[in-house]
Amino acid sequence: MTQTTLILVPGLMCDDTSWGPVLPALSAHMPCRVVSHGNADSLVTMAQQVLDNAPAQFNLAGHSMGGRVALEVLRLAPERVLRLGLLGTGFRPKEAGAAGEEEVRKRQVLLDIAHDQGIRQMARTWVQNMVAPSRLNDTALIEDIVQMFERKSEDVFKRQIKALLERPDASDVLTHVKVPTLVMAGEFDAWASPQQHQHIADLVPASPTVDVVVGAGHMMMMEKPEAVTASFLNWLATR
């Protein structure tokens with residue numbers, strides 16, 4: 001199997017913990033690197049940071065907000081990306097009118113909790129919709145996610161929310177993808193449904209693989225690492 005580096009891009013308020021359960025198996029096959037968004041407040045800046053620290057060519061997979069960053073990497077430098085993985089993510093900009101206003105309102109609720117009660121309480125509220133219903137009583141899993149969020153500051157949360165609310169439309173990027181592509185959704189993902197991922201796949205002309213992770217929610221890599229790893233290894237072996 002190729003020794004090309006696999007760059008993994010975490011989502012909103014996430015870090016290498018989100019990819020941790022799949023890293024041992026993937027690292028046995030190729031070099032892997034989880035990036036950090038630092039203090040960036042735009043998806044384009046995040047994408048440029050990836051490119052600034054990446055090899056000349058690489059495999060790329062992004063989860064949630066990280067999937068949107070991956071699409072911006074592809075927009076900026078398509079010749080450098082050999083494979084593309086999109087997990088639990090989207091491609092559309094913030095909607096106009098009432099729908100967009102409702103998204104802003106919901107995100108502001110979380111920002112207000114973070115400001116008034118702290119990141120930990122925000123994370124405990126948010127996590128209720130981030131895993132499959134059957135995992136809500138998995139105290140170890142929930143605590144891993146909460147602690148991951150807690151390592152980020154309120155300022156970082158504000159910056160990343162700004163990046164998401166100002167996200168560009170990536171439809172045009174998807175329609176020009178020419179590399180082996182994996183599109184993956186958790187069966188119970190309340191943030192980015194399997195149907196949404198089929199819409200992503202429908203735009204990609206390179207016959208993407210579409211996998212639904214049975215029994216997983218938004219945090220599929222942490223919930224069902226064996227299934228995610230198997231899909232990744234199949235995708236990375238695709239020519």
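Helices (H or I, at least four residues) and strands (E, at least two) are DSSP runs, numbered from the N terminus.

The model on screen is predicted, so local features need pLDDT of at least 70 and side-chain atom pairs count only at pLDDT 80 or more, while totals for chains, interfaces and linings use all residues. Residues are numbered from 1 along each chain as its sequence is written, and side-chain values use heavy atoms, with hydrogens and water left out.

**The sheet.** Begin by selecting the six strands of the open sheet, which follow the order E2-E1-E3-E4-E5-E6 with parallel pairing; two strands pair if DSSP finds at least two bridges between them. At its edges lie strand E2 (32-34) and strand E6 (209-213), each of which pairs on one side only. Neighbouring strands of this sheet are turned against each other by 15° on average, direction ignored, where axes are lines fitted to C-alpha atoms, for helices over the stretch in contact, and angles run from 0 to 180 degrees between N-to-C directions.

Next, select strand E1 (residues 6-9), which runs parallel to E2 and is joined to it by three bridges; Leu6 has Cys32 in E2 as its bridge partner.

Now move to E5 and E6, which pair in the parallel sense over five bridges, with Gly186 bridged to Val213 in E6.

**Helix H6.** Select residues 119-126, helix H6, and show its buried residues, which are Ile119, Met122, Ala123 and Trp126. They cover an arc of only 100° around the axis, which puts them on the same side of H6; the arc is that of the directions from the helix axis to the C-beta atoms. What covers these buried residues includes helix H5 (97-117), helix H7 (139-150) and helix H8 (154-165).

**Ser231.** Finally, centre the view on Ser231 in helix H12 (residues 225-236). Ser231 counts as buried because its relative accessibility is 13%, buried meaning under 20% relative accessible area, exposed over 50% and partly exposed in between (1.4 Å probe, protein chains only). Leaving aside its neighbours within four places in sequence, Ser231 is in contact with Leu182, Met184 and Asp211, contact meaning heavy atoms within 4.5 Å.
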